[in-house]
Amino acid sequence: MAPKSKFHCDIRTSFATAFRNWRLKNNIPLKKIARDFGLSVSTINSWELGERFPTGCNFEMLVNYTGVPPCKLFCIMADKCVPTDCLLAMGRKA
């Protein structure tokens, strides 16, 4: 098994951090997200801890649920970028 690259770890950490920050900022319990997605709390928690990524279908639901552009959920520079194209595609102003 090949070792995980630093880039892979940074993406995983970035996603976990972005998701957790969004959840805490919006004061939404893990239990509510799990119920809304029809998943277990442990599954949602594993996303937040960076242990797992959501499946493609669940990721699409997560983007719609949070309103956070996909690139902001994965970008290690998310706190420094404004994804204009993503915001426009989602019908928002940059």
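**Helix packing and salt bridges**

Tutor: Start with handedness: helix 2 passes helix 4 in a right-handed crossing. Keep in mind that this is a predicted model.

Student: How do I describe two packed helices in general?
Tutor: You give the angle between their axes and the distance between the axes. Here, the axes of helix 2 (residues 30-37) and helix 4 (residues 56-66) come within 11 Å and cross at roughly 120°. The two helices are therefore oblique to each other.

Student: Which residues of helix 2 and helix 4 meet?
Tutor: From helix 2 you have K32, I33, D36 and F37, and they meet N58, M61, L62 and Y65 of helix 4. Sorted by class, that contact has 5 nonpolar, 1 polar and 2 charged residues.

Student: Now the charges. What should I look for?
Tutor: Side chains of opposite charge can pair when their charged atoms come close. The structure holds 3 salt bridges. One of them joins D36 and K32, with the closest N and O atoms 2.7 Å apart. Those two sit 4 residues apart in helix 2, so about one helical turn separates them.

Student: Which residues are linked in a network of salt bridges?
Tutor: R20, R23 and E48. R20 pairs with E48, the closest N and O atoms being 2.7 Å apart. That pair links distant parts of the chain, with R20 in helix 1 (residues 6-25) and E48 in helix 3 (residues 41-48). E48 also forms a salt bridge with R23, at 2.5 Å from N to O.

Student: Are E48 and R23 buried or exposed?
Tutor: Both are buried. R20, on the other hand, is partly exposed, at 37% relative accessible area.

Definitions and conventions:
Residues numbered from 1 in each chain as written. Predicted model: local features only at pLDDT ≥ 70, side-chain atom pairs only at ≥ 80, totals over all residues. Heavy atoms only, no water. Axes fitted to C-alpha atoms, helices over the stretch in contact; angles between N-to-C directions. Parallel < 35°, antiparallel > 145°, perpendicular 65-115°, else oblique. Left-handed = near helix turned anticlockwise from the far one by under 90°. Contact = heavy atoms within 4.5 Å. Nonpolar A, V, L, I, M, F, W, Y, C, P; charged D, E, K, R; others polar. Salt bridge = Lys/Arg side-chain N within 4 Å of Asp/Glu carboxyl O. Buried < 20%, exposed > 50% of the residue type's maximum accessible area, 1.4 Å probe, protein only.
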